[in-house]
Amino acid sequence: MQPVFAPRTTRARVSPRLAAILAIALVPLSAILAFAWAPIATIGLGEHGVQYDFPQKVFYWHVPVALAAYAAFAAGAWNGLLYLLKDDADYDVRSYAGVHVGVVFGTLVLLTGSIWAKAAWGVWWNWGDTQLLVFLTLYLFYAAYFVLRFSIDPGRARAKASAVFSVVGVALVPLSFMAIRIADTLIHPVVITSDGSRLTGPMWGTFAIGVLGFFALSMLMVQLEVAAKLRASRGWCASDDGESSIDSESRSEPATVAHA
Amino acid sequence: MHDGWESVAAAYGIVVFAIVVWMWMILGKLRRNPARERSTIGRER
């Protein structure tokens, strides 16, 4: 008999409670510190050579959100790889959630970056910036993941195609990260160079808190989405008292219905 | 008020708005109890 293809476990890899506490504490804190503690830096020349200093504050969320998007894509790819190795539908759901959260964060990166570019460069987008093009390619690649996934009927074939797609796309992450360092035209601001950091102490502290906060937030979002998907696919496994199932091990038979 | 404060407010506002909407949707999904909504499917197990 063909084994049932459905996720079996709901155990979270990282405590969702810890991720929630870190995200709730650190993300607002980074915004407060960005305005109250970090000094205004002068990076970016705007239209007609006018320097726009204050919009640089966007950086304190723009870059951490971008790093969190990279991490979510990498998590999606890692779980896709685990699916290919172990043929466990649980990894397929986790891979899907990672890519989904990565695309959500990627959208925010593009939006906040465009807002900053309008203030600093005077344009919403610069087609000559390698960093922007590589990130846009990465974003559109993973956006196409959903087109692929939902064009295939649920089951092993869909999970395998999705996993391969997510693994292939992750190669763009280091390329995107390195693009501004290998490009000839350094239009995009580079904060950490081979010569060291361009940030002062308070700027570093604020930035680091933002990175930690958005990493925790992305982990929380992935885990919540995984829990929602698992619960939707195995409705009768959920406890009647409304308790979230992400911390508990499944005790019943997996569903025969499709997931994610 | 600093020059360009509108850009900063828009950027931070968009991020907060997106995260709040996303959380509202996903927590709404988790709060719904499919065990009750799906009538008796699998209950007899």
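Let's start at Leu85(A), which sits in helix H2 of chain A. Keep in mind that this is a predicted model. Is Leu85(A) buried or exposed? Leu85(A) counts as exposed, because there are 10 C-beta neighbours inside 10 Å and the cut-off for exposed is 12 or fewer. For a sense of distance, take Ala208(A): it is 123 residues from Leu85(A) along the chain, and their C-alpha atoms are separated by 35 Å.

Now compare that with Ser218(A), a residue of helix H7 of chain A. What does Ser218(A) touch, leaving aside residues up to four places away in sequence? The list is Ala68(A), Ala71(A), Ala72(A), Val101(A) and Phe105(A). There's also Ala69(A) to look at: between Ser218(A) and Ala69(A) there are 149 residues in sequence, yet C-alpha to C-alpha the two are 7.8 Å apart.

Over to chain B and its helix H1, which runs over residues 5-31. This helix has 27 residues and reaches 38 Å from first C-alpha to last, close to the 39 Å expected at 1.5 Å a residue. Which residues of H1(B) are buried? They are Ser7(B), Val8(B), Ala11(B), Tyr12(B), Val15(B) and Leu30(B). The cover over these buried residues includes four helices of chain A: H1 (16-36), H2 (59-86), H3 (89-120) and H7 (201-233).

Packed helix pairs are described by the angle between their axes and the distance between the axes. Here the axes of H2(A) and H1(B) come within 9 Å and cross at roughly 40°, which means H2(A) is oblique to H1(B). On the H2(A) side, the residues that meet H1(B) are Trp61(A), His62(A) and Val65(A); on the H1(B) side they are Ala11(B), Tyr12(B) and Val15(B). By type, the contact has five nonpolar residues, one polar and no charged.

Finally, a word on confidence. Chain A has a mean pLDDT of 79, with 72% of its residues at 70 or more. Where does pLDDT stay under 50? One such stretch is residues 46-50 of chain A, for which the model has seven contacts beyond four places in sequence. Another is residues 236-260 of chain A, also below 50, and the model gives this stretch 65 contacts beyond near neighbours in sequence.

How values were computed: Residues numbered from 1 in each chain as written. Chains lettered and ligands numbered in written order. Predicted model: local features only at pLDDT ≥ 70, side-chain atom pairs only at ≥ 80, totals over all residues. Helix = DSSP H or I, 4+ residues; strand = E, 2+ residues; numbered from the N terminus. Expected span 1.5 Å × (residues − 1). Buried ≥ 20, exposed ≤ 12 C-beta atoms within 10 Å, placed from the backbone. Contact = placed C-beta atoms within 7 Å. pLDDT = per-residue confidence, 0-100. Axes fitted to C-alpha atoms, helices over the stretch in contact; angles between N-to-C directions. Parallel < 35°, antiparallel > 145°, perpendicular 65-115°, else oblique. Nonpolar A, V, L, I, M, F, W, Y, C, P; charged D, E, K, R; others polar.
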